[in-house]
Amino acid sequence: MISFIAQRIAKAIVVLLALVVMNFFLIRMAPGDPAVVMAGEAGAGDQLFIAQLREKFGLDQPLPVQLFLYVKGIVSLDLGFSFRQQMPVSKLILDRLPATLLLTGTAFAISLALGILFGALAARFAGTWADTAITVAALIFYATPLFWVALMAILLFSVTMDWLPSFGYETVGAGYTGLAHVLDVAAHLILPATTIGLFFMATYARMTRASMLEVSRLDFVKTARAKGLSDTVIQRRHVLRNALLPVVTLAGLQAGTLVGGAVLTETVFAWPGIGRLMYEALLQRDYNLLLGVFVVCSAMVLAFNLITDLVYRSVDPRIEFAA
Amino acid sequence: MSKRKILMSFAAMCMLSTAAVAEGPKAGGVVNAVIQPEPPSLMMGLVQNGPTQMVAGNIYEGLLRYSPKLDPLPGLAESWSISEDGKVYTFKLVKGVTWHDGKPFTSADVLFSIEFLKQTHARARGNLVQLEKVEAPDESTVVFTLKQPFGPFIGIFEVGSLPMIPKHIYEGTDFKTNPANNTPVGTGPFMFREWQKGSFIRLVKNPNYHVKGKPNIDEIYWHVIPDAAARSVAYETGKVDVLPGGSVENFDVPRLSKLKNTCVTGAGWEFFSPHSWLWLNNRSGPTANKKFRQALMFAIDRNMAKDVVWNGLGRIATGPSGSAIKYYTSAVPKYDYDPAKAKALLKESGYKGEKLRMLPLPYGETWQRWAEMVRQNLQDVGINVEMIATDVPGWNQKVSEWDYDIAFTYLYQYGDPALGVGRNYVSSQIAKGSPFNNVEGYSNPEIDKLFADGAVAFPDSAREEIYAKAQKILVEDVPVAWMLELQFPTITRCSVKNLITTGIGVNDGFRDAWIEK
């Protein structure tokens, strides 16, 4: 198993480097550069000003040189310097990463727990009104744009009812500590996490339902039933456990994208996470920062793929490790 | 209402207002404001973008401030005098001023700031071209000597244009990488305390501020909220008290203005006077033809744009200068909405239905809608317009490389035609690679000479004459299609008093503001 993990990590590093090179060129194909954007924000800028910025950022160098310097940095685990924020990229990302992991982690847990629960219920009561209700609700949450759900949630729970805060990570200036702080952050977390969670929940519920219905027609379920096991035990031990494999696959894929996938939600809720950082870096053509976020997100995707494979194995012991 | 009643109510109003004045400002309280986008840095000498100026205007100070009429007011200089020949400016500094770290502020800091800004501040560099030397005869006197009289010189000392930089922190260091850039130190009414990137910036009262009894407010929180709708909601739910101009989409302004305890003002933009126009490519295509450009002016219904897109805020621009800045004249040719006249001019210009590429300004919904409206106006008179979608960096690049036919923009005017107007029309400012110069490529030797003379003419009456002439010629030539003098409304709780007192509005800091309890 250890050699399996080592081999996978070695492969991941190669993939990561290839991604860095590809992203490097992709980003630079977009029109505009950070020097002009920064001059634009200043509302004035003579040629000297723009030339100074370009020189400072190394943008006056030929592209291959820029790429070489960047890759050299990456290899020594240096993500470079953000043009606009005047800070090391790694510091900017590390500052924001916990907020994103908290948000998307919570959303992930909510969506997985509720998705499997509702999916199992829908399968158990397939064809009844409960099944229809769950299926329709799942479809609605899946089809509605996230930002719209977010805005409606704000309108209902913040503006109209005044139950939950509409933006931010904590109450600024309140100076809460200990439990009060935890509760404060939790209150801010509810709306954005639920917004993302509902979207993913829908896919898990659909997947669980379909998969369970399929498994429940298999022979070993019939055998279990013939043995006289109770229906609940059959559903939980025989059907659900086997039906979860495709859900784990899907969850593994989505867990990777959750890191960078919260751009809209983080923007609407002013959540100080990495998704927003990436979006702003894009708008400002802050190449190093944008690449840095991509690298971190890619690394996360690769890591989650590895974790998924390990989870597979514990869910279904028949699967063996092979790199 | 009878005459007497009117008189009485007027008297009552006067009494009420004196009563309010007598109450006076109260000390204490916290203000929550919105900042958008998040500033890259608060070191005002290095970074001059809008959000930086808005927050750091509380931390740093300039030698002067400016009234809404753009008359100079004391800032770090308590008095000043200009020599008879208009070449020597002598400033007396306020005594006993200290930096936030306790070190005294002296004339040496002023000399250092000038050198610092010449290296780092594009606009200051331009403003200081006429400067021959600057000297400090003693600790609290600074003397600027110019090569020749330069009328706008008295207007360049505002905090965003010439902020004072602490010599003891920056001398002998690499300015751009000095770690102190992350903890800005100024002389202003508020001190930097905390910055949670992506969330908020916190400033606290400077207890040793040099104006006695000020500031009144204890703390300011600037909240970073990236989504415009979320910013409206933050105000509606009472989480923030101040939405500086441009914080929310314009179509949200009427709704927010109707909320209880809400005050809206368009004041505080006099110094910047954001002036919007369409950059017309004067080099090639139909827009190279003067008759075609005049036709555009007649074809666009600017009144409707003002009423519908901008909710009635702002003024129709009559020419290159805004009405709030010096030497403005309204005695210029008029272009009222007249589609028939536009069609006639189009015919005369020989326009044959060529397709024109129009670039909206990618600054949000308001600008998008405005562009759609103008496209409709142009299509109505038979002009074939294609809208090009870009993001901000893409827009910057297309405009800087003259890759467009019609492009929306707006520029600040900085109170004087020599500072913020001329740059868009003189030939020496035609240079690829920057979106803040003569992008349209208009070139007229007569205009070049008028702007060159206007900057250094002496006394002011001579300048007035020159600029009146320049405005007349430009409006006749229509190098760009002037649209509106923009006004970005500042929305506040009415309990926040005295927030905007000068011509640079919120950017001048919260030094005079106070909260009614």
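In the predicted model, chain B contains an open sheet of 4 strands in the order E4-E5-E7-E6, with antiparallel pairing (two strands pair if DSSP finds at least two bridges between them; helices, H or I of at least four residues, and strands, E of at least two, are DSSP runs numbered from the N terminus). Because strand E4 (77-82) and strand E6 (131-138) of chain B stand at the edges with a single partner strand each, one side of each lacks a neighbour in the sheet. From one strand to the next the twist averages 20 degrees. Strands E5 (residues 88-93) and E7 (residues 141-146) of chain B are joined in the antiparallel sense over 5 bridges, and Tyr89(B) has Phe144(B) as its bridge partner in E7(B).

Residues are numbered from 1 along each chain as its sequence is written, and chains are lettered from A in the order in which they are written. Local features need pLDDT of at least 70, side-chain atom pairs count only at pLDDT 80 or more, and totals for chains, interfaces and linings use all residues, while side-chain values use heavy atoms, with hydrogens and water left out.

Between the chains, 39 residues of chain A are in contact (heavy atoms within 4.5 Å) with 46 residues of chain B. The buried area (accessible area, 1.4 Å probe, lost on being put together, summed over both parts) is about 3,600 Å², of which carbon and sulfur atoms give 59%. Arg84(A), Phe167(A) and Val172(A) supply 16% of the area that chain A buries against chain B, more than any other three residues.

The interface holds 2 salt bridges (a side-chain nitrogen of Lys or Arg within 4 Å of a carboxyl oxygen of Asp or Glu). Asp391(B) forms a salt bridge with Arg285(A), with the closest N and O atoms 3.0 Å apart.

Terms used: Buried area = accessible area lost by both parts, 1.4 Å probe. Axes fitted to C-alpha atoms, helices over the stretch in contact; angles between N-to-C directions.
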